[in-house]
Amino acid sequence: MAKLKIEDLRKIKESKKGTLNLREGVYRAKVTVHMGTCGIAAGARTIMNTLITAIGENETDDVILTSSGCAGLCSQEPMMTVEVKDLSPVKYVYLDEEKTKKIFREHVIGGKPVAEYALSMGSETTY
Amino acid sequence: MEKQRKTYHTNLMICAGTGCVSCGSFGVRDALIEEIEKQNLSHEVLVATTGCNGFCAAGPLLVSYPDGVFYQKLQVEDVPFFVEEYLLKGRIAKKHLFVRPEDKEAIPAINDIGFFSNQLLVTLRNRGLVDPEIIDDYIARDGYMAAEKALNEMTPEEIIREVTEAGIRGRGGGGFPTGLKWKFCAGASGDQKYILCNADEGDPGAFMDRSILEADPHAVLEGMIIGAKAIGAHQGYIYVRAEYPLAIERLETAIAQAEEYGLLGDDILGSGFDLKIELYHGAGAFVCGEETALMLSIQGQRGMPRPRPPFPAHKGLWNLPTVLNNVETWANIPQIIFRGSEWFNSLGTEKSTGTKVFALTGCVNNIGLIEVPMGVSLRSIVYDVGGGIPGKRRKLKAVQVGGPSGGCIPESLIDTPVDFESIVKTGAIVGSGGMVVMDDTSCMVDVAKFFLEFTVEESCGKCTPCREGTQQMLHILDRITLGKGRPEDIDILLKLSAMIKSASLCGLGQTAPNPVETTIKYFRAEYEAHIFEKRCPAKKCKALLKFEVVPELCKKCGLCFKACPSNAITWVKKTVAVIDVDKCTQCMNCYAVCKFDSII
């Protein structure tokens, strides 16, 4: 390892930002995948993996991903809730890989909710 | 590492301070990693180790981010259920949540737990958030930015001015202004100077320095780099006791990583400034925490203090100008340089700025490592952070502050603000930060004896007042607790105290009588009960215990009879129990089981 210069310190700091944001609770958007037994059975794990990959590919470091239990609408699983700071939270239902990617692109990154997949808007904030 | 960070959605931070490690936190970590792999979650969940979380009594601890859920008392056998419940199903594993003692309510979020929310972290700002063995974690939290600023943008005078204006005072016990100490040393003539870190923490019940070193070793190294630049030193030593193997291991790792990154060694960060830091293992003599003794010990000689002046700032290690600061002081320095003296000044009180780390132990619900701003009341520490006294029938009696050099502050002074001046007014000292809470079962004579036994053992023997004086005081205390106290004993103790304090060579002797003096000052009646009535009000001094049953209070239940292991109690149904004093072994079983306080 070569000796560090000031720029290198900043680079290391930058590369760790995602991890630290997660630990410090600093984030712009929070995505909750509902992973009750019903959710898992309906494929919530795939949704989670899709999101993990998407975050990795986009090199996003201000989005945190979390899981929660059953949201009470077992028939409409897999579900997730997207909370972008300063916007109403949105619940999405009947998800699959493609829908998830689209929601990630347009809502999580772009800040525009995808109305066609949404169940409701404006309920249950978790922050 | 670059790749990993993108993928984890959850970070499980396992506490790996000495407290949790001794409860088996490494085993829990390994089990978690194994179970997470088994459930195919290893690309989603990161298991990381951190330094001491602070809530040592409830270890092994785990904090999960981003949720910020605090889990306590995790054991290896709990891991499969925990992983299934929390990571697979996304439910909080209730079994391991913190339960508030007052109302038995389980609190999931770490920030809602009084123990954590009532603290202010400056020195311990990285605790629980960084892995102390990964330098990049430290850098991510603005680590080494202050060193960079000091090395490339500030002159030594500017650094000293900043530290002086911050008003920080030595956290090792003395409370001497750090900026002033540096100024003396910077002004001393000579090219060769030394920068030292005192990690010879020896007070019974104190573990502040150990925890800082285990949780955030780089903060100490960074502080030393800044100090070295300020005084012009190029060689540093950390004097750490050999009893702290984990702290030593993490320091060694930290130094190696910093050297690899060029943050220690030659031409640090391209600034042209050189500094080498080495560890020196102390063998555990309490007196080696005294600065001149510590320096002799590094020189390979027997650790004994010498008279000052000359002060170490002029003639220290190998008779060359030296600055020695305590671990906690060093860990504060990067913050002062990075955020400025004004910010630091805004914390704490006018004459005691900043925060202080305390090791809170004894009869208190939340035992552990805490950091609070200077000037908060003892009451707030004991009740808000500490969660109060366990046991419904127990009452707070006193708080022992400052270890064997400190004193006992009685319940009546519980609103005393904790800062250097106010604590000294009570007769105790802030010291390095040991804080032992005592309830009404503690005998103050016994407490004074305990601390004096420690100083007698640890006195180096060089000067007579400390060597002989403390020994004599201990003899007197011994005889008081054995019921052989004489009427003049209290006066002799006070006379000896004054003499030892004024005539001893170093801080050890000068403060050794403090525990005795303060207990006499605030609990004189207790001493008098021992001496004149041959009675120990707290029921601690065995030789003075004589138990009897108060017939009016006795409900004739027979619990004491069943509890007595030496057949000293006679009881038949519906009669008052009687204790045979000759057979009684003072085991206190009957006293403890009696529900009606009828045994006295």
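Colleague: Which residue ranges does the domain assignment of chain B give?

Modeller: This is a predicted model. In chain B the assignment gives domain 1 (4-113), domain 2 (135-345), domain 3 (355-439), domain 4 (444-532) and domain 5 (547-600). These are called domains because an automatic or database assignment set their bounds.

Colleague: What makes domain 1 and domain 3 of chain B count as being in contact?

Modeller: Two residues are in contact if their C-beta atoms, placed from the backbone, lie within 7 Å. Six residues of domain 1 of chain B meet that test with seven residues of domain 3 of chain B, so the two domains touch by this definition. On the domain 1 side, five of the residues are nonpolar, one is polar and none is charged. The centres of these two domains, taken over C-alpha atoms, are 30 Å apart.

Colleague: Why are E2 and E4 of chain B called edge strands?

Modeller: The open sheet has four strands in the order E2-E1-E3-E4 (chain B), with mixed pairing. Strand E2 (45-50) and strand E4 (69-71) of chain B each pair on one side only, and therefore they are the edges. From one strand to the next the twist averages 20°.

Colleague: How do you know that E1 and E2 of chain B pair?

Modeller: Pairing needs at least two bridges between the strands. Strand E1 (residues 10-15) of chain B has six bridges to E2(B), so the two count as paired. They run parallel. One of the partners is B:Leu46 in E2(B), bridged to B:Asn11.

Colleague: What lies across E1 and E2 of chain B?

Modeller: Helix H3 (residues 25-38) of chain B does, running at about 170° to E2(B).

Colleague: What makes up the side of chain B that touches chain A?

Modeller: Chain B has 30 residues in contact with 32 residues of chain A. Helix H1 (4-7), helix H6 (135-140) and helix H7 (145-153) of chain B are the elements giving two or more residues to that side. H6(B) gives the most, with four. By class, that side of chain B has 10 nonpolar, eight polar and 12 charged residues.

Colleague: How many of the residues in chain A are called buried, as a percentage?

Modeller: Of its 127 residues, 42% are buried. Each of them is called buried because 20 or more other C-beta atoms lie within 10 Å of its own. The secondary structure of chain A comes to five helices and five strands.

Methods
Residues are numbered from 1 along each chain as its sequence is written. Chains are lettered from A and ligands numbered from 1 in the order in which they are written. This is a predicted model: local features need pLDDT of at least 70, side-chain atom pairs count only at pLDDT 80 or more; totals for chains, interfaces and linings use all residues. Axes are lines fitted to C-alpha atoms, for helices over the stretch in contact, and angles run from 0 to 180 degrees between N-to-C directions. A residue is buried if 20 or more other C-beta atoms lie within 10 Å of its own, exposed if 12 or fewer, and partly exposed in between; C-beta atoms are placed from the backbone. Ala, Val, Leu, Ile, Met, Phe, Trp, Tyr, Cys and Pro count as nonpolar, Asp, Glu, Lys and Arg as charged, and the others, Gly among them, as polar.
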